[in-house]
Amino acid sequence: MLFTQIFKISDYNFNDVILKCAEIIKNGGTVAIPTETVYGLGANALDISAIAKIFAAKNRPTDNPIIVHISSFEQLNQVASDVPKNAFNLMNQFWPGPLTIILKKSLLVPYITTGKLDTVAVRMPLNNIALELIEVANVPIAAPSSNTSGKPSPTTAMHVYNDLNGKIDAIIDGGSTSIGVESTVIDLTQNPPIILRPGPISFNQIADVIGKVDIGYSDKVSYDKIVRSPGMKYTHYSPNAEVILIEGSHKNVLEHIRSLYMDYTNQNKKVGLLMTDNSLLNLTANHFYLGSIEETSIIAANLFKGLRLLDDMYVDIILADGSFLQEGVGIAAMNRLKKAATAVIKL
Ligand code: TXA
Ligand code: MG
């Protein structure tokens, strides 16, 4: 068991906290860091034993590669090789920001960081704390989301603490992350390039810069199958409660959630609601308001917080309202909800 130091960072102690945490990184330790998307669990990307600590703390399968975060274009050459032109076009447009680019790895990056792959995922985060820490530590920082593997990603330092206290060296508390879902991941080692994870930078934004791209992620669950076998378990972003996602028009979704709520409550289940309006608030206190259906940025920012909050209320079942717009970051929010869901009901 480690003693996890918690640094609440502000304008007054900024340099001091960065220096202390940069020391920890340089000495092969682990520091949870805020980024614009979610909190990451950082360690020196080039240090095999430091990276091993990330896998151990998160209980992460060792074949799951970790994103390497950089603070400057000089560092890019340290971690990647044969960087294609379309990568530079994307970086110029979206870095620093929530786009992770998969490139051929350099010899310096150890295989433990890349899950034994010859490619490396790289991103430059849009967050002063993260950028400054990388700069001062003077090494690229590998950082997966700072949650226990399989749990919703952390958007506050408290989420990190709840999962990883005693397992990591430090947490920098920089407040709530602004975007709330993880970066878009695109693989530029394939032709055409493939989007592996939808995120804050949309398919269209990417296509505008580099032309043809493919979609390589699958949240296209077979609804028939899922509804017939609701026991099917996803192991991503999952709270302890069972999550049932209901998709369709707002009105239909509300009606269906109301009736499911009644059914489950009659079966003595404790039910939590993750909602895009407050019209069912009279039913239960176990209610979390995500944002209204057109406020997709707000919904994304609140999503993981809502899942964790309802879990903290020890509900058995979370009924998730999937009637928000499938535009912009709403697509990423829906992708995460589908992965968290035990069952998906499409009305
Ligand atoms: O916004 C984010 O990306 C956050 C913050 C902390 O930067 N990080 C994050 O990391 O979400 P993680 O480890 O939770 O998700 C990284 C994803 C995983 O699905 C991983 O499999 C994929 O990126 N990935 C990383 N390196 C890869 C590679 N070389 N090839 C294919 N996929 C890769
Ligand atoms: Mg993750």
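Predicted model: local features only at pLDDT ≥ 70, side-chain atom pairs only at ≥ 80, totals over all residues.
Looking at the surroundings as a whole, ligand 1 has 20 residues around it, the closest being Thr37, Arg60, Asn64, His69 and Ser183. By class, this shell holds nine nonpolar, seven polar and four charged residues. Strand 7 (119-123) and strand 11 (194-197) each supply at least two residues of the shell, and strand 7 gives the most, with three.

The space that ligand 1 takes is the largest pocket, which holds about 940 Å³ of space. Its lining consists of 40 residues, with Arg60, Asn64, Pro65, Arg197 and His236 nearest the centre. Strand 7 gives the most to this lining too, with four residues, while strand 6 (99-105), strand 11 and helix 11 (329-340) are among the elements that each supply at least two. The lining divides into 17 nonpolar, 16 polar and seven charged residues.

The second largest pocket has about 270 Å³ of space. Of the 13 residues that line this pocket, Lys151, Asn240, Arg308, Asp311 and Asp312 are the closest to its centre. Helix 6 (157-164) and helix 10 (296-312) are the elements that give two or more residues to its lining, and helix 10 gives the most, with four. Six of the lining residues are nonpolar, two polar and five charged.

Terms used
Residues numbered from 1 in each chain as written. Chains lettered and ligands numbered in written order. Heavy atoms only, no water. Near = heavy atom within 4 Å. 1 Å grid on protein atoms, 1.4 Å probe; cavity = no way out; pocket = protein on both sides within 12 Å on 5 of 7 lines; lining within 4 Å. Sits in = over half its atoms within 2 Å of the grid points. Nonpolar A, V, L, I, M, F, W, Y, C, P; charged D, E, K, R; others polar. Points joined across faces, edges and corners; volume = space filled by probe spheres on them.
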